[in-house]
Amino acid sequence: AGGSASLNRNFVSNLGTVSAGTSFTATAGLSSGVLALTDNITVGGAMTLPNDAGINQTGGRISAGSLTLTAYSGAITAMGDNLIAGDTLLNARSASFKSADSDFAIQLNLAGSASLVSTGSITFSGFNPSWGTALDLDATTGIFSAPNAGGSISFSSFGTILNRTSGGITLVGTGANLTGDTTAAGQTVSLRAVSGAFTQYGGTVTAGALALEAPGGLVFGNANNVTGAVALTAGTGNAIFRNSGALSIGGATAGALHLISDTGSITQTGVINAASLTASAGDRLTLGLANAVPVILGLTSAGPLIFNTTTSLTLAGDISGGGQVTLSTEGGAILQTGGTITTDYLGLFTGLIGGSITVDRANSFAMLGIGTAGDAVVRSTRGFDLGHTTVFGKLTLTSETGAIGIYEPGSTYILAGGLAADAQDGITLFGALVDFGTIYVVTN
């Protein structure tokens, strides 16, 4: 038909070739069962096809200005090389749809799952959010949704989410369980939930950069593969992120934060704000920016370990670093309440305005550098040497099994308002650059 075409209830099983210049509309109940689309359907404008029991494209393609398919009691399956210039709306129990357009705009109203494939991009649009249970997406040049009413999505789980070449993945809506791989190699992936949590039950994330946001928490404990920065925003919710290789934190906000790099370093380009931090690195751990983390539950690295916070710092768990552990606050205290520190060189610094240091458990280190405006109490199960030291208050040192000495007596400066020391195998603390204002108890 050169203009519009319509079909009333006919109880047909197959719908063949349709050609309409402006629009095509069918009455609900065109078929008593599942309606098969067997040939090409070409509509210059809007196409509306309801069939409650289901719609199954067995041949041909749909070409239309816009498309609405409805099968509330059944499934919609349309996996031909369909070309829809405008928006597509699918209302059904479940839906599978393929688009051969460069930009596929879609809205979903589903009781069940959805699987969408596009040779171009996929963009969620329309007047209302898209919703369903499980979501699988396969696109080439981008997957997009937005925080507005028509662009957001609400699915209980994400299965396989794949973008093949460019454009990245941006999904905004409610939280979801991730059960399959999310892949956009070399591109940016952004998953944002305005409510709920993101929890990774299966699969991994592969991306060039990653941004995750959910007020209910972020749990990504599988061996993900993100080569660039990872930004984590969980509000007061907890967050865990594991990467198979090096992990670069582009910023993090969470309650309890847990970071893992299986084989690489953990570094940062943005600050961390968290109620507590646990981290494990297969190589170095360098978190030296102006973080705001008051409690350390555990830090482990195969290489050197550096951590800084603007707050006072409570050490409540084990800390170990290959060769070096340096912990610093910008004026607050460092207080060890649990765990031990194991390394070769231990650096403890609170700045020269305020603060104090109490690291008085069965730690194990061989060299100590320290700086604080208050008192400092430090204990090691091994003997150790002092490196550069500035303590405006009283310095209390304990070696449970060895000696206490100076790393380089002629060039190491040691300044303290007072000294108390206890060692099992000798104490040698003198030199041209050594000054203790008051000597308290010194026991060998």
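With which residue does Glu213 form a salt bridge, and how far apart are the closest N and O atoms? In this predicted model, the partner of Glu213 is Arg192, and the closest N and O atoms of the pair are 3.9 Å apart, a separation that falls within the 4 Å cut-off for a salt bridge.

The structure holds 7 salt bridges. Among them is the pair formed by the side chains of Lys98 and Asp81, for which the N to O distance is 2.8 Å. Here too distant parts of the chain are linked, Lys98 lying in strand S11 (residues 87-99) and Asp81 in strand S10 (residues 66-84), 17 residues apart. Asp81 is partly exposed, its relative accessible area being 34%.

A further salt bridge joins the side chains of Arg164 and Asp138, at 2.7 Å from N to O. This pair connects the loop between strand S17 (153-163) and strand S18 (169-178), where Arg164 is found, to strand S15 (residues 130-139), which contains Asp138, the two residues being 26 residues apart. Asp138 has a relative accessibility of 17% and therefore counts as buried, the limit being under 20%.

Elsewhere in the chain, salt bridges that share partners bring Asp360, Arg379 and Glu400 together into one network.

Conventions
Residues numbered from 1 in each chain as written. Predicted model: local features only at pLDDT ≥ 70, side-chain atom pairs only at ≥ 80, totals over all residues. Heavy atoms only, no water. Helix = DSSP H or I, 4+ residues; strand = E, 2+ residues; numbered from the N terminus. Buried < 20%, exposed > 50% of the residue type's maximum accessible area, 1.4 Å probe, protein only.
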